[in-house]
Amino acid sequence: VVLLYHRVADLAVDPWGLAVSPSHFIEHLDVLRRHTRPMQARGLARALRADAIAPNAIAVTFDDGYRDLATTVQPLLARADVPATAFVVSGALDSDREFWWDELERAVLNATNQLPTLRIRVAGEDYAWDMAGGHGTGLQGSSQSPEATRWRIHGEIWTLLRGLDIDARSDAIDQIVGWAGISTVPRTTHATLRAAELAQLEDSLVEVGAHSATHPSLAMLARDRQRQEIDAGRNRLMAVVGHRVESFAYPFGRPADYTPDTAMLVRAAGFTSAFINAPLASEPGMDPFAIPRAYVPDVDGDGLHRLLLKLAG
Ligand SMILES: [Zn+2]
């Protein structure tokens with residue numbers, strides 16, 4: 001079984017449920033120590049390939065490369081002696097901006113002094129959202145509460161941005177940040193890893209795996225752009241950790257986010273395994289370039305134990 005986390009933090013607003021609280025994570029580590037055999041993703045993939053996977057083998061993985069990996073997660077892993085794997089977006093290293101989905105959350109869900117209408121131009125198309133309720137195309141007035149409207153608009157913009165390539169997306173985010181009148185200096189709660197911190201992680205229980213350069217949905221990109229994303233991510237991480245990076249996790253990781261071509265490019269880039277997001281156990285004979293990972297919600301130790309039992313079927 002491979003578990004999928006993103007970050008360990010107490011967040012007031014967390015639209016995608018990316019954070020597990022530190023107190024819950026401490027309980028998780030206790031459950032993992034008592035009931036499983038934790039290993040890094042590359043070790044688990046190797047055991048799968050060799051058809052020698054222990055039934056209680058577990059890989060704990062973290063996506064994206066938030067700074068709390070270094071400040072919160074690593075010390076807790078070390079105390080519990082539980083190894084893990086961090087799939088890091090190389091473009092986030094030493095970044096002076098938050099991830100685009102965090103800036104979007106900050107601008108749309110957290111800012112309070114936005115103008116009533118958000119207008120942006122994306123790849124030659126005009127979009128507008130009325131925070132008071134109407135939809136951009138003017139088709140519907142709305143009986144939604146302001147809070148519900150805000151969340152709906154946040155979801156719509158997220159879906160739009162997720163399908164864009166890096167330049168169009170950065171441009172759109174800049175327009176949204178400007179509209180909301182918020183700073184682009186990362187909040188301490190949402191900062192990303194420094195390269196130096198990543199190098200230290202790799203030295204202490206944590207395998208560094210790749211997660212592309214800019215976190216696109218690879219399936220939506222042309223083959224050459226996919227290759228650039230995969231190779232650039234790998235090269236940057238190898239330069240930081242000083243050796244080969246073996247494991248890859250597809251950004252977003254759902255079936256719509258990678259294709260057989262994507263898997264082939266990942267293999268050609270020298271990775272030995274790749275991970276998807278799906279609530280399934282890993283079993284011998286599985287495609288090593290589509291190993292499922294189960295998302296872990298912010299539940300207590302009992303909740304995690306129940307999830308493990310369910311995955312074990
Ligand atoms: Zn990710």
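Student: Is H215 buried or exposed?
Tutor: This is a predicted model. In it H215 has a relative accessible area of 5%, so it counts as buried, the cut-off being under 20%.

Student: Which protein donors does the zinc ion have?
Tutor: The donors are D64 through OD, and H211 and H215 through NE2, lying 2.1 Å from the zinc ion.

Student: How are the donor residues spaced in sequence?
Tutor: The pattern is D-x146-H-x3-H. D64 and H215 link distant parts of the chain, 151 residues apart. D64 sits in strand β5 (residues 57-64), while H215 is in the loop between β9 (206-210) and α8 (223-241).

Student: And D64, buried or exposed?
Tutor: D64 is buried, because its relative accessible area is 3%, under the 20% limit.

Student: Switching to α4. How many of its residues are buried?
Tutor: Helix α4 (residues 100-110) has 10 of its 11 residues buried. Among them are W100, W101, A107 and V108.

Student: What do they pack against?
Tutor: The buried residues of α4 pack against β5, α5 (146-162) and α6 (166-180).

Student: Now the largest nonpolar core. Which residues have the most contacts inside it?
Tutor: That core has 55 residues, and those with the most contacts inside it include F25, L198, F248 and Y250. Helix α3 (residues 68-80) gives the most to this core, with five residues. Apart from it lies another core of 31 residues, A107, V108, W129 and L164 among them.

Student: What does Y250 touch?
Tutor: Leaving out residues up to four places away in sequence, Y250 touches residues including H211, Y258, F275 and F289. H211 is also one of the zinc donors.

Methods. Residues numbered from 1 in each chain as written. Predicted model: local features only at pLDDT ≥ 70, side-chain atom pairs only at ≥ 80, totals over all residues. Heavy atoms only, no water. Donors = N, O, S within 2.8 Å, 3.2 Å for Na, K, Ca; no water. Helix = DSSP H or I, 4+ residues; strand = E, 2+ residues; numbered from the N terminus. Buried < 20%, exposed > 50% of the residue type's maximum accessible area, 1.4 Å probe, protein only. Contact = heavy atoms within 4.5 Å. Core = buried A, V, L, I, M, F, W, Y, C linked by side-chain atoms within 4.5 Å.
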